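Here's a quick briefing on one model, with the cut-offs spelled out as we go. Have a look at the structure first, then read on.

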Amino acid sequence: QRFVDRFAAVYTPAVFAIAVATAVLLPWLAGAAWLESIYKALVLLVIACPCALVISTPVTVVSGLSAAARRGILVKGGTFLEQARLLKAVALDKTGTITEGKPRLVDFKAWGGADEGRAKRLAAALASRSDHPVSKAIAAGIALEVPSVDDFNALAGRGVEGSVEGERLLLGNHRVMHERGLCGPELEAELSRHESQGRTITMLAGASGVLGLFAVADTIKESSRTAISDLAKLGVASVMLTGDNQATARSIAKEAGIGDARGDLLPEAKLDAIRDMQKRYGAVGMTGDGINDAPALAQAD
């Protein structure tokens, strides 16, 4: 489009000058009638008009952006659409991108002598306030009438916390529990058992420690395997970036056919991963749909 604009800046005045010369000079040089020479000049202007050149490229770009949007793909603009042919690697979020994004609660275990029914009810109260797929799966899997939550707070890449029935509670992933010193050897062994099966573990913790473990599993989209295979044939590398633990990331990546899987990533770590990939590969694309993916999506080419 930029080339066409530069071309038209020279081409249009030149054609206009030739048309004027045709209208003025034909009667003098060829003895043509004035009406005939003016008619020929107008025909020349119409035929040589660069409108098709100038309009066709923007229309094509807009059509491409619209076709992508209908398929749920947001491209940042014409420049980025054009750059797609230069991509050498694509970073992929896990939940909702490689997987169906419809995780199910597959297992629950009360911990530290906690009452099973109470642990489920408190966890469901916090989970029902979050829009994360894992939280939704926990809330749907428990399906209990839940108490209200006060002072609710979402911890990006970690989980949620709030006060339920006067007790400050945390519903979060392995990372946040480890950061707060709540993971002992016995708990770590239990987590490893689930994570090796590709499950995502969310834990409920209170003042006394961890109260319950919720194992959530998601399934890979059939289209993901095909897409990753097609990308490989095009010479485009696929890299998984996820906030889930490394064991789960490796398990899902192996099933999907991805060789490079990076887990336990917070939003800023995903951003750093994209920068690292840009240095290594060059042009890099990013697919993802969560708020945790926003910085990485903005950084990607």
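Helix 1 (2-29) and helix 2 (34-48) each put at least two residues into a nonpolar surface patch; helices here are DSSP runs of H or I with at least four residues, strands are runs of E with at least two, and both are numbered from the N terminus. Keep in mind that this is a predicted model, where local features need pLDDT of at least 70, side-chain atom pairs count only at pLDDT 80 or more, and totals for chains, interfaces and linings use all residues. Residues are numbered from 1 along each chain as its sequence is written, and side-chain values use heavy atoms, with hydrogens and water left out.

**The nonpolar patch**
- The patch consists of Phe16, Val20, Val24, Leu25, Trp28, Leu29, Trp34, Ile38 and Leu42, and together they have about 990 Å² of accessible area (Shrake-Rupley, 1.4 Å probe, only the protein chains shown counting as cover for residues).
- Patch residues have over 30% relative accessible area and no salt bridge, and nonpolar side chains (Val, Leu, Ile, Met, Phe, Trp, Tyr) are joined within 5 Å, like charges within 9 Å; a salt bridge is a side-chain nitrogen of Lys or Arg within 4 Å of a carboxyl oxygen of Asp or Glu.
- Helix 1 is the top contributor, with six residues.
- Valine 24 sits in helix 1 and is partly exposed, at 39% relative accessible area (buried is under 20%, exposed over 50%, partly exposed in between, with a 1.4 Å probe and protein chains only).

**Strand 6 and its partners**
- Seven of the seven residues of strand 6 (residues 200-206) are buried, so the rest of the structure largely encloses this strand.
- Thr200, Thr202, Leu204 and Gly206 point one way from strand 6, while Ile201, Met203 and Ala205 point the other way.
- Strand 5 (residues 167-172) runs antiparallel to strand 6, joined by three bridges (strands pair if DSSP finds at least two bridges between them), and glycine 172 stands opposite methionine 203.
- Strand 7 (residues 209-217) is also antiparallel to strand 6, with seven bridges, and leucine 204 has glycine 212 as its bridge partner there.
- Strands 6 and 7 make a hairpin with two residues between them.

- Four strands form an open sheet in the order 9-8-1-10, paired in parallel.
- Strand 9 (260-262) and strand 10 (284-287) are at the edges with a single partner strand each, so one side of each lacks a neighbour in the sheet.
- Strand 1 (residues 89-92) is joined to strand 10 by four bridges, and alanine 91 has methionine 286 as its bridge partner.
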